[in-house]
Amino acid sequence: MPVHRSGTARRGPLTAAGILLSSLTLVLGFTGTSGAADTPPRGTATLGMGVAAHDGVGGLPRDLRTVQTEGVDTSSHNGNVAWSTLANSGVKWAYVKATEGTYYNNPNFPQQYNGSYDVGMIRGAYHFATPDTTSGAAQADYFADHGGGWSRDGRTLPGALDIEWNPYGAACYGKSASGMVSWIRDFVNEYRARTGRDAVIYTATSWWSQCTGNSGAFGATNPLWIARYNTDPGALPAGWDYYTMWQYTSSGPTVGDHSRFNGAYDRLQALANG
């Protein structure tokens, strides 16, 4: 914007036009285009990225490590993770983002997936679902082909489906509740056909209620990883009487996203073993 000095000449037509254009640009920048500017690039979604914004953040749970087992989840935004630091702090398991849709692979996946294993953790991979881009089966295949497989080595957890708010558009990806349930069923059925394991489902109760109509279709087969940043996991989605894992914070030490497995270490091993 021009600096106004005492004694300067009266503005001519071109200067006035420039000021008007600048004003219009500011108005458009703060109104019509702000939504597009706030949309992150495809591939940058992470486990739980919508939880704090939609459900808020409360206090931390009390320390229950005698009956629960600490874990973390990572993605490319964590870069090369200090796995030995996490292991020394008591973290026993990890989930690493492998894929998103059928268009993205985590470039840090080898360091994160193998690094957690190398320090003695039980590890698994997760897939960020984008039900508006391709079918559930197509995404399950892409996940299984790009790091989301499973092996009976006692150290590999079944793959996890991260199904939550759409960071790129409408919360429910433009699907009806029945359409979303069909998409999830398509994914978990194909994942089981490919790996022999039922996928873990990561979600938040409020999203599940909004976008699946609080379906109870998966509670008998798919372990629940519930997302809630508060002192307790709160009400669970329909169909699940208990949670298997609980992501309770996005601001923990070393890696922000920390979770607890709902049981002692031997039960975590049992989940890995299938």
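Residues are numbered from 1 along each chain as its sequence is written, and side-chain values use heavy atoms, with hydrogens and water left out. Because the model is predicted, local features need pLDDT of at least 70 and side-chain atom pairs count only at pLDDT 80 or more, while totals for chains, interfaces and linings use all residues.

Start with the whole chain. The protein chain has 9 helices and 9 strands. These are DSSP runs, numbered from the N terminus: helices are H or I with at least four residues, strands are E with at least two. Of the 274 residues, 45% count as buried. Buried means under 20% relative accessible area, exposed means over 50%, and partly exposed lies in between (1.4 Å probe, protein chains only). Now take the contacts, meaning heavy atoms within 4.5 Å. Among contacts with a separation of 6 or more, 69% join residues 24 or more positions apart.

Next comes the interior. A nonpolar core is a set of buried Ala, Val, Leu, Ile, Met, Phe, Trp, Tyr and Cys residues joined through side-chain atoms within 4.5 Å. The largest one here holds 55 residues. Within this core, W93, Y95, I163, I184 and W225 touch the most other members. Helix 7 (residues 177-195) supplies the largest share of the core, 7 residues. What does I184 touch, leaving aside its neighbours within four places in sequence? I184 is in contact with L161, I163, I201, W208, T212 and F218. Another core lies apart from the largest one. This other core has 8 residues, including V72, L86, A94 and M121.

Look now at the rings. A pair of aromatic rings is described by the distance of the centres and the angle of the planes. Rings of Phe, Tyr and Trp (its six-membered ring) pair if their centres lie within 6.5 Å; planes under 30 degrees apart count as stacked, over 60 as edge-to-face and the rest as tilted. The structure holds 14 aromatic pairs. One of them joins W207 and W208: the centres are 6.4 Å apart and the planes stand at 55°, so this pair is tilted. Both W207 and W208 are buried. In the pair of Y243 and W246, the centres are 6.1 Å apart and the planes stand at 70°, so that pair is edge-to-face. Y243 and W246 are both buried too. Ring pairs also link W93, Y95, Y202 and W225 into a cluster.

Some rings meet a charge. A charge sits over a ring if NZ of Lys or CZ of Arg is within 6 Å of the ring centre and within 35 degrees of the ring normal. The charged end of R155 sits over the ring of Y117, 3.9 Å from its centre. The charged end of R197 sits over the ring of W150, 4.8 Å from its centre.

Turn to helix 5 (residues 109-118). Its residues F109, Q112, Y113, G115 and S116 are buried. The buried residues of helix 5 pack against strand 1 (69-74), helix 4 (83-88), strand 2 (93-100) and strand 4 (122-128). G120 follows helix 5, with a positive phi near 100°.

A disulfide is a pair of cysteine sulfur atoms within 2.5 Å. The structure holds 1 disulfide. C172 and C211 form it, with their sulfur atoms 1.9 Å apart. The torsion about the S-S bond of C172 and C211 is about -75°, so the disulfide is left-handed. C172 and C211 are buried.

Which residues of helix 8 are buried? They are T205, W207, W208, C211 and T212. Seen down the axis of helix 8, its buried residues fall within an arc of 160°, so they line one face of the helix. The arc is that of the directions from the helix axis to the C-beta atoms. The buried residues of helix 8 pack against helix 7, strand 6 (200-203) and strand 7 (224-227).

Just after helix 8, G213 takes a positive phi of about 70°. G213 is in contact with A177 and W208, leaving aside its neighbours within four places in sequence. Most residues other than glycine have a negative phi. Y173 is not a glycine, yet has a positive phi of about 60°. Y173 lies in the loop between strand 5 and helix 7, and is buried, with a relative accessible area of 5%. N214 also has a positive phi, near 60°. N214 sits in the loop between helix 8 and strand 7, and is partly exposed, with a relative accessible area of 31%.
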